[in-house]
Structure formats: C-alpha cells, structure tokens
Amino acid sequence: MFLNPVRHITFDALDPYRIAEFWSAVTGYPIHPDDVEGDDEILLESGQPGVPGLLFIRVPDAKSVKNRVHLDIQPPTGTRDETVARLTGLGARIVDDRRAEDGVLGWVVLADPEGNELCIERGVEERAAS
C-alpha cells in the first residue's frame, strides 16, 4: 500500500503543448484526449496503474537554473545511443556525455527543447547482453 502515491510529475513550461509532444515521443504516453494546443495544462497519461503521468503547466518565465529533479530514461528496446540520436532529432540537446570510453557504461544528459534535463541510460537489451 502506498501512503501517498505520485499522481503526476509536473513540469513548468512556456509552451505546454509543444513540450508535451516532445515528452510523448520520449515516453510513448499519449496526450490526454481533452487537452489541445493552447491549453494552460497538458497531461500525458501513462496508461499503467500506479505509474504517474506527466503534467505540463504554462508559466511566464523560462527555466533559468539546473533542475533539482530529472527523469532517467531506460530504453525498453534499442540502445542508449539510438535513443540519444532519436531525441536530439526531436529537439533535445546534449548537456553532458557520461558514456565510458568502452561504450558499455555511462549515460547521456540531455535537455528537452525548454532546457529540462533528462538522462538516457543503457537500454534493457544492452544491459541484458552485458
């Protein structure tokens, strides 16, 4: 039993719909059917019991300092490097590359299009193979 389960992880955003589209591509979570471009709040639903959704709330100011909390993403299929390439193609940028020279260990710190950090870890298949 959870004492206080997490319902949503909330992000401040200048453009909630645009940033929700990015995170939908990252997670596969769909945008709530009632939410449309121009809304001040956009929800991505996980569709899985007990797994929090991602909520994007319009704020007037841009991100100005490093996140105190960020999400670590572990690709369920494919590789860490393929995921980094896919997300940079969607508008993310590399902030810090923590991959080891051997290519086996480490992670990559990205920033989404509004500057929120996320880490891309080795994928499930990569971990199983090593």
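The legends below describe close-up views of a predicted model. Local features are given where pLDDT is at least 70 and side-chain atom pairs at pLDDT 80 or more, while totals for chains, interfaces and linings use all residues. Residues are numbered from 1 along each chain as its sequence is written, and side-chain values use heavy atoms, with hydrogens and water left out.

**View 1. F11 and W23 form a tilted aromatic pair.**
Rings of Phe, Tyr and Trp (its six-membered ring) are paired if their centres lie within 6.5 Å; planes under 30 degrees apart count as stacked, over 60 as edge-to-face and the rest as tilted. The count by this rule is three aromatic pairs. In the pair shown, the ring centres of F11 and W23 are 5.2 Å apart and the planes stand at 40°, so the pair is tilted. F11 belongs to strand 1 (residues 8-13) and W23 to helix 1 (residues 16-27), so the pair ties together parts that are twelve residues apart in sequence. Helices (H or I, at least four residues) and strands (E, at least two) are DSSP runs, numbered from the N terminus. F11 has a relative accessibility of 10% and counts as buried; the term means under 20% relative accessible area, with exposed over 50% and partly exposed in between (1.4 Å probe, protein chains only).

**View 2. F22 and W23 form an edge-to-face pair.**
W23 is buried, its relative accessible area being 0%. The rings of W23 and F22 have centres 5.8 Å apart and planes at 85°, so this pair is edge-to-face. Both F22 and W23 are buried. One aromatic cluster is formed by F11, F22, W23 and F56.

**View 3. Y17 sits in helix 1.**
What is Y17 in contact with, leaving aside its neighbours within four places in sequence? The residues are I31, D35, V36, E37 and I42, where contact means heavy atoms within 4.5 Å. Y17 counts as buried, at 16% relative accessibility. From Y17 to I57 the separation is 40 residues in sequence and 9.2 Å in space, C-alpha to C-alpha.

**View 4. A salt bridge joins the side chains of D40 and R58.**
A salt bridge is a side-chain nitrogen of Lys or Arg within 4 Å of a carboxyl oxygen of Asp or Glu. The structure holds seven of these salt bridges. Between D40 and R58 the N to O distance is 2.7 Å. This pair links distant parts of the chain, 18 residues apart: D40 is in the loop between helix 1 and strand 2 (41-44), and R58 is in strand 3 (residues 53-58). D40 is partly exposed at 47% relative accessibility, and R58 is partly exposed at 33%.

**View 5. R80 and D81 meet in a salt bridge.**
The side chains of R80 and D81 are 3.1 Å apart, N to O.

**View 6. D96 and R98 meet in a salt bridge.**
The N to O distance between the side chains of D96 and R98 is 2.5 Å. D96 has a relative accessibility of 27% and counts as partly exposed. R98, at 46% relative accessibility, counts as partly exposed.
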